[in-house]
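Please read it alongside the structure shown here.

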2 protein chains.
Amino acid sequence: MTEKIARFFAEQTPSTPCLVVDLDVVADNYGKLATAMPDSRIFYAVKANPAPEILRLLVESGSCFDTASVPEIQYCLEAGATPDRISFGNTIKKAGDIRIAHELGIDLFAFDSIEELEKIAEHAPGSRVFCRILTSGEGADWPLSRKFGCEPEMARDLLIQAAGMNVRPYGVSFHVGSQQRDLKQWDIALATAGTIFRACEEQGVILSMVNMGGGFPTRYLKDVPTSQAYGEAINDSLRRHFGNRLPETIIEPGRGMVGNAGIIQSEVVLISRKSANDDKRWVYLDIGKFGGLAETMDEAIQYPIQTDRDGPAEAVILAGPTCDSADVLYEKAEYRLPTSLKIGDKVTIMATGAYTTTYSAVNFNGFSPLKAYYI
Amino acid sequence: MTEKIARFFAEQTPSTPCLVVDLDVVADNYGKLATAMPDSRIFYAVKANPAPEILRLLVESGSCFDTASVPEIQYCLEAGATPDRISFGNTIKKAGDIRIAHELGIDLFAFDSIEELEKIAEHAPGSRVFCRILTSGEGADWPLSRKFGCEPEMARDLLIQAAGMNVRPYGVSFHVGSQQRDLKQWDIALATAGTIFRACEEQGVILSMVNMGGGFPTRYLKDVPTSQAYGEAINDSLRRHFGNRLPETIIEPGRGMVGNAGIIQSEVVLISRKSANDDKRWVYLDIGKFGGLAETMDEAIQYPIQTDRDGPAEAVILAGPTCDSADVLYEKAEYRLPTSLKIGDKVTIMATGAYTTTYSAVNFNGFSPLKAYYI
C-alpha cells in the first residue's frame, strides 16, 4: 500500500467497501511502459478503469486511448484527448455507433470479419482499419476465448479486400490474453503478423502498423516480468520477424497501467463454520463477485488480501455478502488468514485498480455499486 | 410472448437492449402459487427483481417479502408493505444493518452460525430467528455452493442455544437450489427439518415454522413441473415428516414469480465466422454477460431465444458486445438460429424477468445498465 493511500484510509475512514486509486502509481506505470517501449505508442485500454481522473492524467502524460464503445470515446474527448489519439478497438460495433464515432473524428477502427469491414467502409469512409487475429491465449490468467479475431489466412484476405473498399488497410492486431506472463506468446503472434505483412505486400497492399494489444500483467500473488523485460523481448521479436523494416507499433495496456494503483478496503461481515468440526472457516466480506470482484470468476484473478491482524494463519473460504450461492470468491485457491481475525475487521484487497468499478452490478441484492476515490 | 408485450414492442419500438415485464403474468404467477400452496405464506424473493411496480403489485396481492439487505427492506416499505410482512433472509448481515432493520420494525431474521445469532440477539433483541440448513442442491440448474446454511446437528444446537438468548427460536429454513426441477429434493430437506423439530422439542424448545425457500423454476428450454405439482408434493412431504402437527410454512419464490413475466429484446450487432471454412457462425448481440445475462455463467441458465426469421437453422455461438473474452453466452449449449438471420435483426430472449436488471454492470465497457419497462 502506498503512503498516500494509507494516509487516506487513516484520515478519511471511508465507509466500506471502497476502492482507492493512487494516481501517482498510474503516472509511474505510464512512465515505465513508455521508457521500456520507446518506439511504441501507448493506447490505454479505457475499459480497465474509465475514471475521469485517470483519463485526464493520461491525456497530459501523452497517452492515446483504446475504446470499446461510444461512451468510452466521449469520456476520452471530455478528458481532453483529441480524436487522433483514440481508436475504436471493439470488433463488435453497431453501425450507428461507427457513424457517431466517425462524426466525432475517430479514424482508427478494429475489425475481424468482412461484415464488420463493410459496416466501417459504409459508415466511417476513408478510415484506417486493422484486423485482429486469433491467438491461443496460452499462459494468460484471464481466459481468452475465440470471441475476437479471425484466422491469419482470413485476416490476410480481408486486408487485401479492404484495399478495394472505401477504407485504408492499416495493420494487424492481436491480444495474447490478459495477465500474460509468458513473453514467448508475443513472439508467436509477431511471427504471424510478419507473415501477413509480407503476404499483403505481395499483393501490393502495404501495411503500416502492428497493434500488440494488452496483456501486460500486474503483480497479484505471483511475480511478473518487469516492463523492461517485456520491452526487450518484444523488441527482439520485432527485429526477428520484420528485419529492418520495423512497423509502427501500438500497445494497449489496461491492467498493466492501473491494476496495482488501486486498493479495495472491505469489512469482515461474518466468520463462521458449517459444523462443529469443520476444518475451514468461512470468511464473508462486504464485497463479492457482484460488487466489483467479477474477475474472481473461476478464481481466475487471485488478489493478495491483507489484514492488520498477525499471528498464525489458517485456511479460509472467502465469499461475498449477497444471497447468491455463486458469490464465492476463493474456495480452491487456499487463501489463509490469521486465526485472530474478527468480525468487523478491515481487510485490504490489493491490486484492484483495474476491472473492478465498472464490473460491479448496478443494484444486486440492493447493494450499491463500488465507491471509488482517486487521489 | 404475451399480447401486451408484443403490442408494447410494436408501438413503442424501444431502443435495445431492454427488458419488458408484463405485470399480469406476475399477478397470475402469484395467484397460481397461492392456490397451489394455500397453507403457506409467500415471501417474494425481492432480489429476483426489486422493481417498485412488481413490489406494489405483490403488496396488493397479499404477498410477504424476503429481503437481502437494508435497501431491499426499504424498497418493500416504500411499496406499502408493513414490517411484519418482511423477513431479513440473508444469513450474512452487518451488525449495523441488523440494528437498522430492527428499528424499521423487522422481526424475522435468518442465521446459520453462532456468530450471526449473537449479532441478532444484540442488535435486534426479541426477534424471531430461523436457522438455515445446508442442502445438496442436487437437481438445480444454478449452482448451490455450501455458502449458506450449516449442518443439521449444528442447526439443532444453535436453535436450542437461541432459547437461552434474547431471541425467539422460530424455525428452520432451507433452499433446494434455484431452478430446482426435482420434487424429491423438498422431501429430503423436509425430513431433516422434521428431525430438528423433534430434537429441539425434546429439549423443551418448540419451533413453529419451516421456511422452504425458493427454487421454484420458470420455464426456459426444458419443461418444468406446474405450481400445482409442487404444492401436492410438498404437502405430502409435510404430512409424512410432521404428521398432524403441521408447522407454519413459508415459501420464497423469486424466479418462479417473475422469470416468465419478462422478455429482453436485443439487436444482432454482428454475425461472422473465424475462417473461410468455419462451421459455426458467431452471433454477437447487444446484450451479454455484463449487461444483464450474468446467469449464463457456465451456461447455467439457458434462455429460449427467438427471431422473426424462419427457414432452416444452423448452430451458432452466442456472445455479448463487450471487449471481454469471457462475455460469451452460449458456446457448448448448441443454440441454433435461422441461416437467414441478419445484422440489425431483433432477437427476443424469453423468460428474463428474474435476475437480469440488477445483475447488470454499472458501466462495463461504457455500456449502460439494462433498461426495463413494467407494463
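Across the interface of domain 1 of chain A and domain 2 of chain A, 11 residue pairs are in polar contact, both residues of each pair being at pLDDT 80 or more. The model is predicted.

**Domain interface in chain A**

- On the side of domain 1 of chain A that touches domain 2 of chain A, at least two residues each come from α2 (23-36), α3 (52-61) and α10 (255-258) of chain A.
- The most is given by α2(A), which supplies 4 residues to that side of domain 1 of chain A.
- By residue class, the side of domain 1 of chain A that touches domain 2 of chain A holds 12 nonpolar, 4 polar and 5 charged residues.
- The rule finds 1 salt bridge across the interface of these two domains of chain A.
- A:Glu295 and A:Arg255 form a salt bridge, with 2.7 Å between the closest N and O atoms.
- About 1,800 Å² is buried between domain 1 of chain A and domain 2 of chain A, and 61% of that area is on carbon and sulfur atoms.
- The domain assignment places residues 23-259 of chain A in domain 1 and residues 260-374 in domain 2.
- Each domain contributes to the contact as follows: 21 residues from domain 1 of chain A and 21 residues from domain 2 of chain A.
- A distance of 33 Å separates the C-alpha centres of domain 1 of chain A and domain 2 of chain A.

**Interface of chain A and chain B**

- The contact involves 69 residues from chain A and 69 residues from chain B.
- Chain A and chain B together bury about 5,500 Å², with 61% of it on carbon and sulfur atoms.
- Between chain A and chain B the count of salt bridges is 6.
- A:Asp327 forms a salt bridge with B:Lys147, and the closest N and O atoms of this pair are 3.6 Å apart.
- Residue pairs in polar contact between chain A and chain B number 38, with both residues at pLDDT 80 or more.
- Two or more residues of the side of chain A that touches chain B come from each of α4 (70-78), α6 (114-123), β10 (262-272) and β11 (281-285) of chain A.
- The largest share of that side of chain A is 5 residues, given by β10(A).
- The side of chain A that touches chain B divides into 33 nonpolar, 18 polar and 18 charged residues.

**B:Ser69**

- B:Ser69 sits in the loop between β3 (64-67) and α4 (70-78) of chain B.
- B:Ser69 counts as buried because its relative accessible area is 3%, under the 20% cut-off.
- Beyond its neighbours within four places in sequence, B:Ser69 is in contact with A:Asn365, A:Gly366, A:Phe367 and B:Phe88.
- A polar atom of the B:Ser69 side chain lies 2.6 Å from the backbone oxygen of A:Asn365.
- The C-alpha atoms of B:Ser69 and B:Lys94 are 9.4 Å apart, the two residues being 25 residues apart along the chain.

**B:His241**

- B:His241 is located in helix α9 (residues 227-242) of chain B.
- With a relative accessible area of 16%, B:His241 is buried.
- Not counting residues up to four places away in sequence, B:His241 touches B:Asp187, B:Leu190, B:Ala191, B:Gly194 and B:Arg198.

Conventions:
Residues numbered from 1 in each chain as written. Chains lettered and ligands numbered in written order. Predicted model: local features only at pLDDT ≥ 70, side-chain atom pairs only at ≥ 80, totals over all residues. Heavy atoms only, no water. Domains from an automatic or database assignment. Contact = heavy atoms within 4.5 Å. Buried area = accessible area lost by both parts, 1.4 Å probe. Salt bridge = Lys/Arg side-chain N within 4 Å of Asp/Glu carboxyl O. Polar contact = N/O pair within 3.5 Å; in protein donor to acceptor, adjacent residues only side chain to side chain. Nonpolar A, V, L, I, M, F, W, Y, C, P; charged D, E, K, R; others polar. Buried < 20%, exposed > 50% of the residue type's maximum accessible area, 1.4 Å probe, protein only.
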